[in-house]
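Here is a friendly walk through a two-chain model, written for someone who likes to know the cut-offs. Please keep the viewer open as you read.

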Amino acid sequence: MQIAFAFARKHLAGAAAVLFAAALAVSFVLPVQAHALDVERWTAKPNKDGDNTTVLGATATRVTWQGQTAEDESLASVTIEMPEGTTVGAENVKTTVLVGLDRLDAASEAVVDGNDVTVTLAEPAPAGALVMVECNRTLLPGGGGSFGLAGSYTTADGQRHDMPATDQVINVTGTSPAEQLSSWLNQQDWVKAWNSNKFLHLFFDPAIIVTSVPALFAGWLVSIGVVVVSFPLAIPLGLLLSFLRMAKHRLPRAIGATYINIVRGTPLFLQLYIAFFGLPLMGVQMDNFTMGAIVLVMNSSAYLAEIFRAGIQSISQGQFEAARSLGMNGAQTMFFVIIPQTVRRVIPTMTSEFILMYKDTSLLAAVGVTELMMYAKTITAATGNVTPYIVAAGFYLIVTIPLTKLINTMEARMSNGRRKHKKGPADRSITSAASVVPDSDAGVARSIRLSETFAGPASQTDAATRIYEDAKRNGNHISH
Amino acid sequence: MSEANNGAAGIGAADIAGADAADETVIRIEDLRKTFGDNEVLRGIDLDVRRGEVVVILGPSGSGKSTLLRCVNLLEKPTGGRIFFEDTEITAKKTDINKVRAKVGMVFQNFNLFPHLTAKKNVMLAQQKVLHRNKEEAARIAEEQLEKVGLGERIDYRPSELSGGQQQRVAIARALAMDPHVMLFDEATSALDPELVRDVLSVMKELARGGMTMIVVTHEMGFARDVADRVIFMDGGHIVEQGTPEEVFDHPTSDRTKDFLGHIS
């Protein structure tokens, strides 16, 4: 045991001696080169709007290299190896040499060869001089990345040395093609002229338009997603509610009417707040998208119920009577006679309701659903510019305008189709919703819409409904 | 009584072969009353209709004749009285009115064709849904019936593509396809242009000749005179006078009837 210990100690001393010698050698060898030039700076100027730390790729910036020559050496040229994919123009490279506090007006020549920027000083910088190379309007790689310093320099004696190491790095944030286009736009003279107008700059800044479109696109998809999920679900619920509302018995009718009146009589915004703040307190947890979709379904179904009711009641009483007189029961009459005719009539109004729901998705921004409006708000907050909202308006319009046109086409087709065969009634129904003839599809669609627009939530009646209700008061109803 | 079942190429007479049982009552109405609010439209109507009989109801507007007709298949719910169809009291609560309606065809003033369906589909729909005939059979019957009313060429037209007279004949075919025991006509020609009335009336005449039991509310005096077995004159919710066309038209007993007929002709 003791022998083993002594043996180990003897060898340990030997190893320590070897290590010491090696360390000494290294400390003599390395500084010989390093001391010729000290790198003091390797930086790029932040170039992102409203952010003074980020350096964007593919966006003009100034890359600065600064070094100090050693006490015993003078510098003839410097070669800076720029990151792969950098664009820099020789004419934009500016070199400054300072000796003490004096600026040396020595001419210098910059050459760009691929990624290498070589600056040759006409007169070598003396020992102890400060040399600064500034590469203006440099486009660092668009993909971004972390870039250390590489390159070389030559001393006055013609000896070439590797660039000393530095722990400074340039962190470049990647940019998308849109951001690159945006920064390019910002360099253009016409854009500058355009932006010199305060209104145009604040509302229609070309560069922000370019960056907003792809950024808002994601939000737009969410908005579309909410409607595409919600609307089809609101249809059957709305149909069910309209049946409740028209039921023969008082209880289902009261339930339907109460639901419809409450939902139509309160703002969607309030309904969203109740759901989003109330349900979590109740311990109901679900993601924002789902919750938002549920509220929209519940809201829209109430409006759809009234659309369906008006549509169904606009079908002439004779249709019910004809079907019933053939022995069809209530359900058969509804599904094979009334609803097929109603669908045609309510499609324009339903499309309007679709548009309303699509626009209403913007309210979901207030409860944290990352939809179109939310994105626009975020970008506007970051840039202090209203342009993203204008872009958002565009995203809403590219859906709503074609749909509105579609509605007009459908209505025109309906009234034309009718006019061809039944001159009198169709013409009358077009000129005035009040004199609507129950058999005229266009007239009904229009009158439903008119009442949607002008009537209060609880008082939605259209001419056709009135005709129906008059008939009902006269006891002109179908018995079962 | 029409000379039922004399083998005429009548329409839809197929299943009333039993009409030889001459005096069988198909519809019996007892003390029928109907009020709309304060308005008493029917004030105690008693009426029996025998199998194969064609009854034409005349009267000024508001006399309750359409209401009477609509009560027969309960499109209007009577306020009082009873109605029997064959062996069934249709005014009884437990009666399945849909079964009765399937056997009572009705033709409306405004045709009431289903505008979203072609003529053929109009005639097929209730056959399939109510009588549960399969599609092929319903289609075959629809084509047959449309052929009989002279619309064989138009089976695939939609109502909006047909004239009023054609629409009304489709409506008749639609009712006949259900093999009804009784047909009700509620001013079937009133909404038609005069030149179209004739086609519809001739279909109705042929139907009557085929032995169909019919109750017809109309203003067509010529039709009543030619086709009716019995003419009923209604006024103020009462049956004022009834009898053969000769009796009512040529020798009316009531002043109201005389007055009405005087105005008409």
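Helices here (H or I, at least four residues) and strands (E, at least two) are DSSP runs, numbered from the N terminus. The stretch is one of those that UniProt, in an unreviewed entry, labels "transmembrane region"; the record places the feature at residues 217–244, 265–283, 289–308, 354–376 and 388–408 of chain A. UniProt positions follow the numbering used here, feature names are shortened, and annotations may be inferred rather than shown by experiment. For residues 265–283 of chain A, the end C-alpha atoms are also 27 Å apart, with 79% helix and 0% strand.

Helix H9 of chain A covers residues 288–314. From first C-alpha to last, its 27 residues reach 39 Å, close to the 39 Å expected at 1.5 Å a residue; the expected span is 1.5 Å times one less than the number of residues. H9(A) is mostly covered, with 21 of its 27 residues buried. Buried means under 20% relative accessible area, exposed over 50%, and partly exposed in between (1.4 Å probe, protein chains only).

## How the model is read

Residues are numbered from 1 along each chain as its sequence is written, and chains are lettered from A and ligands numbered from 1 in the order in which they are written. Because the model is predicted, local features need pLDDT of at least 70 and side-chain atom pairs count only at pLDDT 80 or more, while totals for chains, interfaces and linings use all residues; side-chain values use heavy atoms, leaving out hydrogens and water.

## The two chains in numbers

Chain A has 16 helices and 13 strands, and 43% of its 480 residues are buried. Contact means heavy atoms within 4.5 Å. Among contacts in chain A between residues at least 6 apart in sequence, 73% join residues at least 24 apart. Chain A exposes about 24400 Å², with 63% of it supplied by carbon and sulfur atoms; accessible areas come from the Shrake-Rupley method with a 1.4 Å probe, and for residues only the protein chains shown count as cover.

Chain B has nine helices and ten strands, and 58% of its 265 residues count as buried. Of its contacts with a separation of 6 or more, 67% are between residues 24 or more positions apart. Its accessible surface comes to about 11100 Å², of which carbon and sulfur atoms hold 44%.

Helix H7 of chain A (residues 250–265) has 16 residues, which at 1.5 Å a residue should span 22 Å; the end C-alpha atoms are 21 Å apart, which agrees. Its buried residues are Gly256(A), Ala257(A), Ile260(A), Val263(A) and Arg264(A). They cover an arc of only 145° around the axis, so they sit on the same side of H7(A); the arc is that of the directions from the helix axis to the C-beta atoms. On the other side, Arg250(A), Leu251(A) and Ile262(A) are exposed. As background, an α-helix has 3.6 residues a turn, so residues three or four places apart point the same way.

## Nonpolar cores

A nonpolar core is a set of buried Ala, Val, Leu, Ile, Met, Phe, Trp, Tyr and Cys residues joined through side-chain atoms within 4.5 Å. The largest has 51 residues, of which Leu146(B), Ile172(B), Met183(B), Phe185(B), Met204(B) and Met214(B) touch the most other members. Helix H6 of chain B (residues 194–209) gives the most to this core, with eight residues. Apart from it lies another core, of 50 residues, among them Phe320(A), Val337(A), Val55(B) and Ile97(B).

## Individual residues worth a click

Pro348(A) is in helix H11 of chain A (residues 330–360) and counts as buried at 1% relative accessibility. Its C-alpha atom is separated by 5.1 Å from that of Ile407(A), 59 residues apart along the chain.

In chain B, Phe111(B) has a phi near 65°, a positive value in a residue other than glycine. Phe111(B) lies in the loop between strand E6 (104–107) and helix H3 (119–129). Glu187(B) also has a positive phi, near 50°, and lies in the loop between strand E7 (182–186) and H6 of chain B.
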